[in-house]
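Take a look at the model below. Then read on for a short tour of its helices, its aromatic rings and its charges.

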Amino acid sequence: MSKEFNWKKYQSDVIKKCIDKYGSREQAIVEMDAEIGSLRLKAETLGNMVDWDKIEREIEDEEEAKQAKSA
């Protein structure tokens, strides 16, 4: 039984849970906005870490290539 995911219902359920959790629609919006901002920052930081690993590998590869030419 393959059903397409109902994003509208999911969105509605998330909003309803947040309103129940935080007491009002306005407070739920503030809290969700803060969480979204936090998750964006975390994603950006993790992305930078991945890029940094790539840069380190490129530097190591360049150093190995220089050493190979010197030998």
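In which helix is E26 found? E26 is found in helix α2.

## About the model

This is a predicted model, where local features need pLDDT of at least 70, side-chain atom pairs count only at pLDDT 80 or more, and totals for chains, interfaces and linings use all residues. Residues are numbered from 1 along each chain as its sequence is written, and side-chain values use heavy atoms, with hydrogens and water left out.

## The helices

Helix α2 covers residues 25–70. Helix α1 covers residues 7–22. Both names follow one rule: helices (H or I, at least four residues) and strands (E, at least two) are DSSP runs, numbered from the N terminus.

Start with E26. Its relative accessibility is 56%, so E26 counts as exposed. Now go along the chain to A68, 42 residues from E26. The C-alpha atoms of E26 and A68 are separated by 63 Å.

I15 sits in helix α1. It is partly exposed, at 32% relative accessibility. I15 and M32 are 17 residues apart in sequence. In space, their C-alpha atoms are 8.8 Å apart.

## The aromatic cluster

A pair of aromatic rings is described by the distance of the centres and the angle of the planes. Rings of Phe, Tyr and Trp (its six-membered ring) pair if their centres lie within 6.5 Å. Planes under 30 degrees apart count as stacked, over 60 as edge-to-face, and the rest as tilted. By this rule there are three aromatic pairs. In one of them, the ring centres of F5 and W7 are 4.6 Å apart and the planes are at 65 degrees, so the pair is edge-to-face. For F5 and Y10, the centres are 5.7 Å apart and the planes are at 55 degrees, so this pair is tilted.

Together, F5, W7 and Y10 form one aromatic cluster. How open to the surface are these residues? W7 is exposed, at 58% relative accessibility. F5 is partly exposed, at 46%. Y10 is partly exposed too, at 44%.

## Surface patches

F5, W7 and Y10 turn up again here. With V14, they make a nonpolar surface patch of about 450 Å². V14 lies in helix α1 and is partly exposed, at 30%. Patches are made of residues with over 30% relative accessible area and no salt bridge; like charges are joined within 9 Å, and nonpolar side chains (Val, Leu, Ile, Met, Phe, Trp, Tyr) within 5 Å. The areas come from the Shrake-Rupley method with a 1.4 Å probe, and for residues only the protein chains shown count as cover.

One member, E56, lies in helix α2 and is partly exposed, at 35%.

## The salt bridge

How many salt bridges does the structure hold? It holds one, between the side chains of K9 and D13 (3.1 Å, N to O). The term means a side-chain nitrogen of Lys or Arg within 4 Å of a carboxyl oxygen of Asp or Glu.

K9 and D13 are four residues apart in helix α1, so about one helical turn separates them. K9 is partly exposed, at 47%. D13 is also partly exposed, at 29%.

Technical notes:
Buried means under 20% relative accessible area, exposed over 50%, partly exposed in between (1.4 Å probe, protein chains only).
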